[in-house]
Amino acid sequence: MAPGVLWLLGLMVVPCLLIFLLAFFERGTYGGIDWNAPTLENLKRAADPLYLTIFWDSARIALLATILALLIGYPAAYAISKAQEKHQTALLFLAMLPFWTNYLIRTYAWIVLLNPAGLINTQLMYLGLVKEPLPLLYNEFAVVLGLVYNYTPFVILAVFSSLQRMDPSLPEASRDLGAGAWTTFYRITLPLTAAGVAAGAAFVFVLSIGNFITPDLLGGGKLQMVGNLIYDQFLTARDWPFGATLSGLLIAIMMILLFAQAVAANRAGGRHA
Amino acid sequence: MFKSIRTMTAAFAFGLLATVSTALADKVVVSNWDGYMPKDMAEKFKAATGLDLEVAVHATNEEIMGKVTASGGEGFDVLFVSSPFAEALNKLQLLTPIDPAKIPNLKNLYPEATQLQHDPGNTFSVPYAWGTTGLCYRSDVVKTEPTSWNDLLTPADDIKGKTTMLATDRWLMAAGFLAGGMSVNTADQASLDKVRDQLIATKKTLLAYDDTTFYSKLVSGEAALVHAWDGWCNYGIAENDKIKYVVPKEGSDLWVDTMVITKAAKNPDGAAKFIDFVLSADNGKWVVENIMYKTPNKAGMDAIDKSMLEKYPNMAIAPADLLKYEQLRDLGDGMKAFSKTVSEIMAAK
């Protein structure tokens with residue numbers, strides 16, 4: 001217990017408190033922090049429509065990525081759970097395999113595939129399917145693709161584990177009593193795996209909304225997400241207090257979502273019992 | 001967010017580390033960008049002076065700035081930073097003045113290199129490399145060769161969607177300032193708004209913002225015209241001789257990377273010896289031949305293969321011409337309005 005608490009304190013609580021503390025001061029004239037004058041100025045500045053728009057856009061893109069990851073991840077997890085037991089481990093292993101490669105390298109691989117002079121476009125043009133290269137890279141499409149690609153495995157894992165925990169006799173009973181395959185899925189399987197869906201969705205959303213590498217590389221920097229904004233405040237503008245304010249807001253949003261997800265999971269668990 | 005937490009914990013851990021580190025009088029600790037000086041620098045320096053050299057690396061100016069402001073510079077003797085950061089460190093009183101008596105090789109610098117706007121007379125910084133920011137392009141792809149910043153900001157139809165701009169805020173905005181005949185250190189709201197509107201219009205014509213791989217986009221043909229630091233354009237020229245570099249007629253900024261000695265230096269004499277060693281002709285030549293930047297080290301420039309002056313046109317720019325360009329300066333309190341303007345451009349659709 002004690003090492004775990006120390007771990008949390010040192011690597012989670014203290015850094016987060018530092019961030020919250022910084023948010024109430026001003027940037028010094030040459031960077032750094034002016035400790036002399038505590039202020040609420042940063043919070044006011046964060047409420048500027050400009051920054052709210054960036055938060056809203058990030059949430060919209062993260063939500064889109066979440067929905068797509070669920071649409072791809074759920075059927076994949078379902079298929080794996082229906083596969084022969086001896087194949088399941090191998091299939092799950094394959095779903096996890098991309099994590100063995102560095103995130104940056106996988107992202108650059110997408111650049112190689114998608115760029116106007118890249119593999120996909122040259123093949124499409126060679127086959128005569130398109131005349132001009134398709135705009136596959138440096139736009140919102142590429143960013144969403146990158147996020148979905150990177151985070152779908154989390155959905156697969158979460159949904160798979162809740163499918164495993166489901167009592168198989170429940171859908172069987174539904175079929176015996178005359179419900180069709182779709183009805184059984186909608187009325188029995190889906191509600192019973194809602195906790196897994198919520199957990200997977202929370203993973204994808206939280207990881208996506210704070211992401212800054214994917215918008216930077218696949219979005220060509222043309223798409224600003226809140227992660228990029230925070231990165232820029234800390235590392236380019238050297239305005240740590242404002243960066244801390246934005247980080248604090250983002251942490252708050254994530255906490256609320258994770259809390260909502262925990263509540264949903266609890267309710268689903270309670271009903272099941 | 002993860003990055004920011006990491007930065008904070010790093011700064012925190014660094015603070016702890018700095019307080020327990022012990023003084024070693026015969027060691028010089030330097031922080032530089034990775035690959036920005038010869039790999040065998042430590043061995044060469046040891047052979048020349050008998051002093052040990054410990055090299056740390058930083059990825060960006062901001063990173064070393066964060067480390068140094070968090071610890072008061074404790075743990076480092078010499079830092080390599082760009083001139084606006086040298087200026088800020090000096091204003092934060094974190095630097096030791098340069099003592100010319102201890103650095104005889106200062107004589108290797110061009111006279112112009114002692115007249116830099118951020119530090120006339122090299123009182124707290126010694127220049128290591130310098131150059132321009134301009135346009136790098138595929139002469140075999142563009143219909144008309146670019147001559148003006150407006151060729152980048154309002155590209156011709158044939159290269160729309162095939163141009164990139166630097167993502168780093170100061171250079172991004174500098175392109176707009178120079179095109180509008182303004183100072184690259186402008187921070188008044190009316191001018192910021194004007195440049196913002198231009199750059200938002202430009203954004204719609206860009207392939208991407210890019211400050212790491214723009215020259216390979218030219219080589220692959222993804223891009224036809226990119227906003228580039230001269231030395232980086234040279235990396236493209238080295239791979240394809242149809243790639244060319246031009247300083248637009250409205251001018252450029254003059255960027256200068258410098259060496260500074262921290263006030264907290266444990267070994268200020270060793271630090272001076274290190275800077276003296278870096279200013280040797282051999283090390284100056286190394287910068288030109290390996291980094292492909294110009295160096296203010298005249299002895300080094302004189303030692304390079306003269307064919308480089310023809311192949312890489314930035315190398316032939318005379319130091320006196322460089323001095324005509326304005327350097328980026330620390331914006332101080334102007335940074336907030338500046339940074340908000342950049343966010344507005346980045347967030348625009």
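**Helix α4 of chain B.** I looked up helix α4 of chain B (residues 83-91) in this predicted model, and I noted that eight of its nine residues are buried, so the helix is largely enclosed by the rest of the structure. Here a residue is buried if 20 or more other C-beta atoms lie within 10 Å of its own, exposed if 12 or fewer, and partly exposed in between, with C-beta atoms placed from the backbone. Helices (H or I, at least four residues) and strands (E, at least two) are DSSP runs, numbered from the N terminus. The buried residues that I listed are S83(B), P84(B), F85(B), A86(B), E87(B), A88(B), L89(B) and N90(B).

Which elements cover the buried residues of α4(B)? I found that the cover includes α3 (61-71), β3 (78-82), β4 (95-96) and β10 (254-262) of chain B. Just after α4(B), I noted a positive phi of about 60° at Q93(B).

**Reading notes.** I wrote down that residues are numbered from 1 along each chain as its sequence is written, and that chains are lettered from A and ligands numbered from 1 in the order in which they are written. Since the model is predicted, local features need pLDDT of at least 70 and side-chain atom pairs count only at pLDDT 80 or more, while totals for chains, interfaces and linings use all residues.

**Domains of chain B.** The domain assignment, which is automatic or comes from a database, gives domain 1 (2-129 + 255-316) and domain 2 (131-253 + 330-347) of chain B. Their centres, taken over C-alpha atoms, are 28 Å apart. I then looked up where they touch: 13 residues of domain 1 of chain B are in contact (C-beta atoms, placed from the backbone, within 7 Å) with 11 residues of domain 2 of chain B. On the domain 1 side, the largest share, three residues, comes from α4(B). That side divides into nine nonpolar, one polar and three charged residues, where Ala, Val, Leu, Ile, Met, Phe, Trp, Tyr, Cys and Pro count as nonpolar, Asp, Glu, Lys and Arg as charged, and the others, Gly among them, as polar.

**Chain A against chain B.** How many residues of chain A are in contact with chain B? I found 34 residues of chain A in contact with 37 residues of chain B. On the chain A side, α1 (2-22), α3 (49-82), α12 (226-235) and α13 (240-272) each supply at least two residues, and α12(A) gives the most, with six. I sorted the residues of this side into 17 nonpolar, 13 polar and four charged.

Technical notes. Two residues are in contact if their C-beta atoms, placed from the backbone, lie within 7 Å.
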